[in-house]
Amino acid sequence: MSWTEPSPTGTALLLLGRGSDPAAEKGVDCPGELPAPSDPDLVARAAAAKAALGDRVFVLGHHYQRDEVIQFADVTGDSFKLAREAAARPEAEYIVFCGVHFMAESADILTADSQRVVLPDLAAGCSMADMAELTQVEEGWERLAELGIADVTVPITYMNSTAAIKGFVGRHGGVVCTSSNAERALRWAFERGEKIFFFPDQHLGRNTAVLELGLSLSDCVLYDPHKPGGGLTDEQLRAAKVILWRGHCSVHGRFTLDSVKEIRERVPGVNVLVHPECRHDVVLSADYVGSTEYIIKALDAAPAGSAWAIGTELNLVRRLAKAHPDKQIMFLDRAVCYCSTMNRIDLPHLVWALEELVAGRVPNQIQVDPDTAYHARVALDQMLALP
Ligand code: 13P
Ligand code: SF4
């Protein structure tokens, strides 16, 4: 069984982010005239604009980006690799980030003030990052302070969070983590405190605490920002080792135990490989779990003829299937599921952004305010320095 390719549409997804959504992490208006998606010269235009910019531009592409965009990336990677790559390019005047808003924010924080980070479509946000707002997190922390346990709690935020949350974590002696280093981040935190407050992905937090650190499910509690006091009693908060924020990824959250059962019935011997943003029961029933970089390496190392059902974003799974025609590579779920916000970055937006840069204008610059950036950088640098 494999996924059903959606029929191509004449227009790219949600071409312009019009209107504003103050509750969202992502940006709003996308100014300017986009090239028509049907323009047959889009590939040539992107190549010409990139060539004209030369070393002045560096294009980063997250693994979940569309093929039409990935072909122009100077480097591809998961959030961790891309953060490191952005930090390692002091010579590039412009970093064009083909990914989502929180990643571009991190790149802005990690690069020099003179470097400009561009997100080709400002509406490329992340629903998970939107699930933790600074005021909510501050409220939760206050609750811990009232109970006298904030001092023994180390905050950790997943990379998939706003710069404001990263800044909060930096101010309170914590660290940022990604899906490739969450285990190291949790171990680092437990050397410094007795408890962890983990934002915003409950699944990555739970999967890491239980499967990597050997804690029990009952050591973890779920803090719901929409309930008074997080929906937890004082005793629950005092007893918990890991307080998980109630957030999740809308893409990885779709995989269920039934998806795993079904694929095992249909494809005997299939290897199930999932991202740690998947629910705990899905991860438990899988054969392997790891970040996007881990998934790519696992498939590179897999023997010809082996069968793999992958629980992660569809653009990556499709690319892996193309790259490994000698292996049977399937999407874990019956229903196709792209990350709709990752998909906002399409070729017309990339062409537009590059051509604007050629014309001497900097479109959709992502700039984090200096105070937030300072504290977020503390937490990001701590992540980059994790043993
Ligand atoms: P990684 O790139 O860290 O694997 O995270 C996946 C993801 O959901 C990015 O938005
Ligand atoms: Fe956010 Fe999930 Fe999309 Fe990643 S895949 S950008 S976590 S919604």
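A: Happy to! On a 1 Å grid over the protein atoms alone, a cavity is a set of points where a 1.4 Å probe fits but cannot get out, and lining residues have an atom within 4 Å of a point. Grid points are joined across faces, edges and corners, and a volume is the space filled by probe spheres set on the points. This is a predicted model, where local features need pLDDT of at least 70, side-chain atom pairs count only at pLDDT 80 or more, and totals for chains, interfaces and linings use all residues. Side-chain values use heavy atoms, leaving out hydrogens and water, and residues are numbered from 1 along each chain as its sequence is written.

Q: How many cavities of 30 Å³ or more are there?

A: There is one cavity of 30 Å³ or more. The largest cavity holds about 40 Å³ of space.

Q: And what lines the largest cavity?

A: Its lining includes Ser-79, Leu-82, Phe-97 and Met-159. Helices α3 (79-87) and α4 (101-110) each give two or more residues to the lining.

Q: New topic: how do α7 and α8 cross?

A: The axes of α7 (residues 182-190) and α8 (residues 202-212) come within 10 Å and cross at roughly 75°. That makes α7 roughly perpendicular to α8, a label for angles of 65 to 115 degrees.

Q: Which residues meet there?

A: Among them are Leu-186 and Arg-187 in α7, and Leu-204 and Thr-208 in α8; contact means heavy atoms within 4.5 Å.

Q: Last one: what's around ligand 2?

A: The residues around ligand 2 include Tyr-64, Cys-126, Asn-160 and Glu-277; being near means having a heavy atom within 4 Å.

Technical notes. Chains are lettered from A and ligands numbered from 1 in the order in which they are written. Axes are lines fitted to C-alpha atoms, for helices over the stretch in contact, and angles run from 0 to 180 degrees between N-to-C directions. Helices (H or I, at least four residues) and strands (E, at least two) are DSSP runs, numbered from the N terminus. Angles under 35 degrees count as roughly parallel, over 145 as roughly antiparallel, 65 to 115 as roughly perpendicular and the rest as oblique. On a 1 Å grid over the protein atoms alone, a cavity is a set of points where a 1.4 Å probe fits but cannot get out, and a pocket is an open set with protein on both sides within 12 Å along at least five of seven lines; lining residues have an atom within 4 Å of a point.
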